[in-house]
Amino acid sequence: MSTTIIETGGLTRNYGDICALKPLDLKVPEGEWLSVMGHSGSGKSTLLNLLGGLDRPSNGSLRVGGEDMQGLTEDGLARFRREFVGIIFQQHHLIPYLTAVENVMMAQYFHSVPDEAEARLALERVGLGHRLKNRPSELSGGEQQRVCIARAIINSPKLLLGDEPTGNLDHKSTLMVMELLKELRAEERFTIVMVTHNPEVAAWGDRTIYLDDGILVREERTRS
Amino acid sequence: MTKRRWLVYLVARALAHRKGRTVLLLAVLAMASSLATALGIVSISMGKRVAEEVRKYGANLVIIPDSARLDVGSGGLNFGAVTEPAYLNQQEVEGALARSGLKPGRSFHLRGSLHWKDADILVEGVNFDEIRQLFPWWQIKGGWPAAGEAVVGSDMAARLGLKGGETLELAGPGQSVRVRVSGIVSSGGEEDGLFFLSLPELQKVLGLEGKLTTVRLLVTAEGESLKKRAAALQPLLPKAKVSEVRQIARTSEGLLAKVKLLMVLVTAVVLISAGSSVTGTMSTTVLERGKEIGLMKAMGGGRWEVLLIFSAEAIMLGLFGGGAGYLLGSAVAQFITRAVFATSADFIPWFACVSLGVSLFLALLGSVGPLISVFRLDPVRSLRGE
Amino acid sequence: MVLAKLAPHLLSWAGIVLAMGRGFSGRRSVVAAGAIVGFPLGVAGACLLSRAYPGDFSFAIIRDIVGGSFLLLWGGAVAAIYSSTVREFPRSWGERLANSPFCAGAVALSSGMIAGAISACRLVGTYNTLPPFLLLALAASILALAALAVERALAASFPVSHSGLMASVVALLLFSASSIIRLDLFSPLTMKLMKFSHDFVHQFFESMLIPDHLFIRTYLWGYIGLLFGNGVGFWGALILWFTPAVLVALAIQWERLPSVAHIRQGAQRRRLLATGIRARRFRLVIPVLAMVVLAAAVYRSRFPSVEYWDPKPLPISASPSGDIFIPKKGDVDLEDGKLHKYLFKQGGREARFFVLMTPAGKLTVDLDACAICKPDGYGQAEGTVICYYCKTLIPLETVGQPGGCNPIPLPFTEKEDGVHIDGLTLLNMWGTNAQSTARVKGGGK
């Protein structure tokens with residue numbers, strides 16, 4: 001019924017002699033929440049970078065949202081990133097000299113034009129209406145991650161990528177962030193691909209795949 | 001908010017975030033551009049002034065009596081100088097000029113003082129035809145004098161309250177003369193403080209027929225050849241001294257050239273060191289902000305857009321540095337001209353463009369390397385912290 | 001050689017075709033046909049015109065037509081600014097007209113004709129045979145086709161609005177005209193403005209019965225004096241010259257962005273807005289380029305590449321009886337069609353005059369001054385003499401006739417071997433006509 005948003009065929013990524021991702025075949029239908037698990041160095045971040053258009057595959061085909069990533073130029077990749085994906089990082093990566101709302105506006109700036117009212121609304125939506133004018137250093141880890149989420153979804157991406165988004169958070173904040181993601185997904189209907197090594201976090205997804213040493217070793221569907 | 005305004009805001013915030021480094025860069029740029037500005041202003045305004053000075057002496061050789069300056073007294077006992085008035089003999093000079101084979105423009109001058117009302121006034125006798133040729137910049141309000149007429153320098157006219165058309169009676173040692181003031185002369189030189197009569201009349205009144213105090217010559221020659229001409233003329237006039245007028249100007253020209261050379265050297269050193277310090281500072285900034293750049297690219301910023309943000313930073317620094325450099329440079333130029341040449345420098349507004357240009361050029365040139373690395377930076381690796 | 005001379009005209013012609021191809025993007029074939037027919041028509045028209053009315057008249061007609069297109073641009077610019085700022089502008093009929101194939105064809109045809117006529121004027125004086133004109137028409141046609149081909153290859157995101165098209169075409173025509181001094185519009189504009197301000201100030205202030213008016217003190221006269229300066233004409237003309245292009249640019253800048261209020265999703269709304277701003281910026285390129293072209297036209301008009309023949313006045317003296325004799329074939333050949341200037345001095349008085357053979361083959365002797373201007377003298381350029389002070393061009397045909405800024409004719413007698421002029425008459429005429437501010441010796445630039 002639903003269309004496929006991510007489709008890989010024999011996707012490979014080598015860094016010199018090291019093979020970070022062995023030929024991988026993966027299909028993600030639109031709207032799915034996919035968790036990717038594995039040890040560090042298992043190639044899950046590499047996969048995420050490839051999906052987000054931050055990196056290019058060494059071999060194999062990769063289609064995201066109908067776009068052939070191999071065929072895109074450097075500027076085409078940048079356009080793809082701003083129009084199609086939102087990325088949440090483990091280390092938040094907020095710009096230190098901008099306030100929360102300005103950090104969100106930065107994403108608007110690269111996408112089209114900055115719009116402060118809309119950025120404010122987005123922050124209110126993630127429950128940060130009271131901390132609009134605070135710098136990242138004045139925010140807690142959970143709050144910073146919520147700014148990141150607001151920034152990732154501000155341009156209405158089709159695909160939300162999470163690179164261990166809860167890796168630096170305590171249990172309570174993790175729960176809050178996951179809850180928030182679930183709510184937002186229900187409203188915006190984006191696809192989520194989330195890398196994690198926390199089985200509890202992975203369990204929020206519809207499906208979990210396990211990578212080991214660059215190979216897809218197991219795949220399981222979450223009940224419910 | 002438009003994109004452009006956001007860009008300016010963003011750059012301003014980024015610069016404000018790293019205050020120390022921004023101030024350092026601004027100081028470097030301001031210093032470099034201010035030196036370039038000061039150099040330019042000093043050389044332009046002093047060059048103009050020296051040229052003016054040279055031009056004021058239309059004549060380039062001057063003949064004065066050799067005994068004009070007699071030092072009286074000896075050793076520690078100095079009773080003063082110039083006591084004995086000495087004169088040139090008009091016929092001798094004319095003869096010497098004819099024999100020298102030079103056909104210079106010339107003017108004969110006789111200076112003396114005459115009595116008018118209760119005061120002695122300094123009067124110079126000249127031939128007005130010669131004056132018109134040799135001193136074309138004399139500006140006469142009124143008309144050139146005919147026979148029985150005179151002109152008066154503007155300063156003297158103001159001091160004595162003389163106007164064109166007035167008639168006055170000047171008394172000499174033997175006899176007196178009635179003249180009508182036909183005009184007021186201003187030349188911006190010592191002429192402004194003198195009263196001009198025609199030469200024969202003054203000679204008659206003073207009882208000094210055929211005597212002169214100064215002869216000014218305009219010889220078409222320059223530099224070394226002028227010196228030769230003067231040397232060739234000297235033996236024909238044993239009782240007089242022939243000297244070059246340009247000597248006066250030459251000293252200031254030489255000084256100017258030396259100051260210029262010094263400033264060029266200093267500016268070159270400063271520009272080079274400023275450029276390299278801009279490069280150094282910008283490189284560390286870019287290295288430090290690697291993650292930020294990677295993030296911008298990961299968010300969807302194209303390479304050119306991110307490059308634009310960082311070049312805008314360099315441009316903003318350049319603009320502010322240049323503005324400060326212009327103000328500072330004008331002040332330095334004032335200081336130099338005051339201290340070295342004892343005059344004030346011109347205020348040259350368009351030099352703001354020069355200082356802005358120098359500063360922008362330095363800021364951008366110094367940032368070329370760092371900007372290239374911004375352009376090339378790989379978002380994945382920089383976000384991982386490599 | 002011929003083509004090198006025509007380079008600026010052909011270049012601006014290519015630009016015109018390019019802009020028209022873009023402006024009427026749906027009707028390339030109509031534009032191509034109109035352009036290729038129009039240009040040779042214009043060339044032929046200019047040739048016939050100059051054949052029928054030799055001299056300045058044909059140039060004046062073509063210059064007036066170019067001036068008319070400039071006025072049209074003014075109208076278009078005002079309409080554009082009006083329609084972009086006032087909502088209720090009846091644009092539908094105008095739009096429909098502008099989009100019709102008839103309009104595209106007419107614009108292409110008429111601008112082709114004007115461009116062709118201007119280019120032909122470049123050749124009219126120097127060439128009398130057919131081949132150069134044929135070469136011109138051929139080159140123009142090839143260029144037109146090439147320009148249309150280039151236009152097709154240009155990115156689609158680079159549209160030309162109707163007002164922008166108008167601005168660019170007129171600017172290029174003016175540029176093309178500016179390199180021929182007899183067609184140049186900027187200097188006449190400057191001159192007209194200067195004279196207008198002279199007249200205005202005269203009428204206005206004399207009617208107020210000054211100099212001792214209560215409110216007008218000496219320093220005020222200083223400001224009024226500004227109105228008489230040469231600068232007024234120049235700056236005023238600059239303003240008139242650039243305003244239409246600036247208005248067109250402003251009209252585009254003030255255009256409303258697409259309405260986005262109804263779009264719920266922020267990202268989509270913003271993207272639409274950004275696309276609108278981008279498109280608007282692209283449309284601005286053409287008017288800004290038009291301004292650059294207009295600036296180039298001003299530059300060419302102020303510093304024409306034509307060299308003025310500016311002879312040094314030869315000193316001349318009269319016989320004891322006061323008669324000045326200039327031989328026809330002496331050191332100079334009086335009948336070579338060039339300006340020959342002389343300087344006559346007697347008893348502290350001086351006068352400058354010139355001898356010239358008009359195209360009609362008659363010798364004329366005139367003062368190097370007119371009754372109006374400061375006697376800065378005259379220089380000669382192709383087909384005209386120019387008053388250095390007010391930059392008026394006087395066709396060679398009318399030199400020798402009195403009036404206006406024409407050089408003041410001198411009575412003289414022509415003999416077999418040369419011309420005789422009465423020295424005293426000359427000095428008296430110079431004294432009465434040339435103003436007291438005369439810098440006799442100067443003469444020329």
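Buried area is the accessible area (1.4 Å probe) that two parts lose on being put together, summed over both. In this predicted model, the area buried between chain A and chain C is about 750 Å². Carbon and sulfur atoms give 50% of that area. On the two sides of the contact stand 10 residues from chain A and 9 residues from chain C.

Polar and charged pairings were then examined across the interface of chain A and chain C. The count of salt bridges between these two chains is 2. In one salt bridge, the side chain of C:Arg271 meets that of A:Glu83, with an N to O distance of 3.3 Å. Residue pairs in polar contact, both at pLDDT 80 or more, number 8 between chain A and chain C. The side of chain A that touches chain C is made up of 2 nonpolar, 5 polar and 3 charged residues.

Of the area that chain B buries against chain A, 24% is supplied by B:Lys3, B:Trp6 and B:Met299, more than by any other three residues.

Between chain B and chain A the count is 3 salt bridges. One salt bridge is formed by B:Arg13 with A:Glu102, whose closest N and O atoms are 3.6 Å apart. The interface of chain B and chain A also has 9 residue pairs in polar contact, both residues being at pLDDT 80 or more.

Over all chains, the structure holds 32 salt bridges. Side chains of opposite charge can pair when their charged atoms come close. Within chain A, A:Asp206 forms a salt bridge with A:Arg185, and the closest N and O atoms are 3.2 Å apart. This pair links distant parts of the chain, the two residues being 21 residues apart. A:Asp206 lies in the loop between α7 (199-202) and β9 (207-212) of chain A, whereas A:Arg185 belongs to helix α6 (residues 171-188) of chain A.

Helix packing was examined in chain C. Two packed helices are described by the angle between their axes and the distance between the axes. The axes of helix α2 (residues 28-52) and helix α5 (residues 101-124) of chain C come within 6 Å and cross at roughly 35°. The crossing in which α2(C) passes α5(C) is right-handed. The residues of this helix contact comprise 17 nonpolar, 8 polar and no charged.

Key
Residues are numbered from 1 along each chain as its sequence is written. Chains are lettered from A and ligands numbered from 1 in the order in which they are written. This is a predicted model: local features need pLDDT of at least 70, side-chain atom pairs count only at pLDDT 80 or more; totals for chains, interfaces and linings use all residues. Side-chain values use heavy atoms; hydrogens and water are left out. Axes are lines fitted to C-alpha atoms, for helices over the stretch in contact, and angles run from 0 to 180 degrees between N-to-C directions. Helices (H or I, at least four residues) and strands (E, at least two) are DSSP runs, numbered from the N terminus. A crossing is left-handed if the near helix is turned anticlockwise from the far one by less than a right angle, and right-handed if clockwise. Ala, Val, Leu, Ile, Met, Phe, Trp, Tyr, Cys and Pro count as nonpolar, Asp, Glu, Lys and Arg as charged, and the others, Gly among them, as polar. Contact means heavy atoms within 4.5 Å. A salt bridge is a side-chain nitrogen of Lys or Arg within 4 Å of a carboxyl oxygen of Asp or Glu. A polar contact is a pair of N or O atoms within 3.5 Å; within protein, one must be able to donate a hydrogen and the other to accept it, and residues adjacent in sequence count only if both atoms are side-chain atoms.
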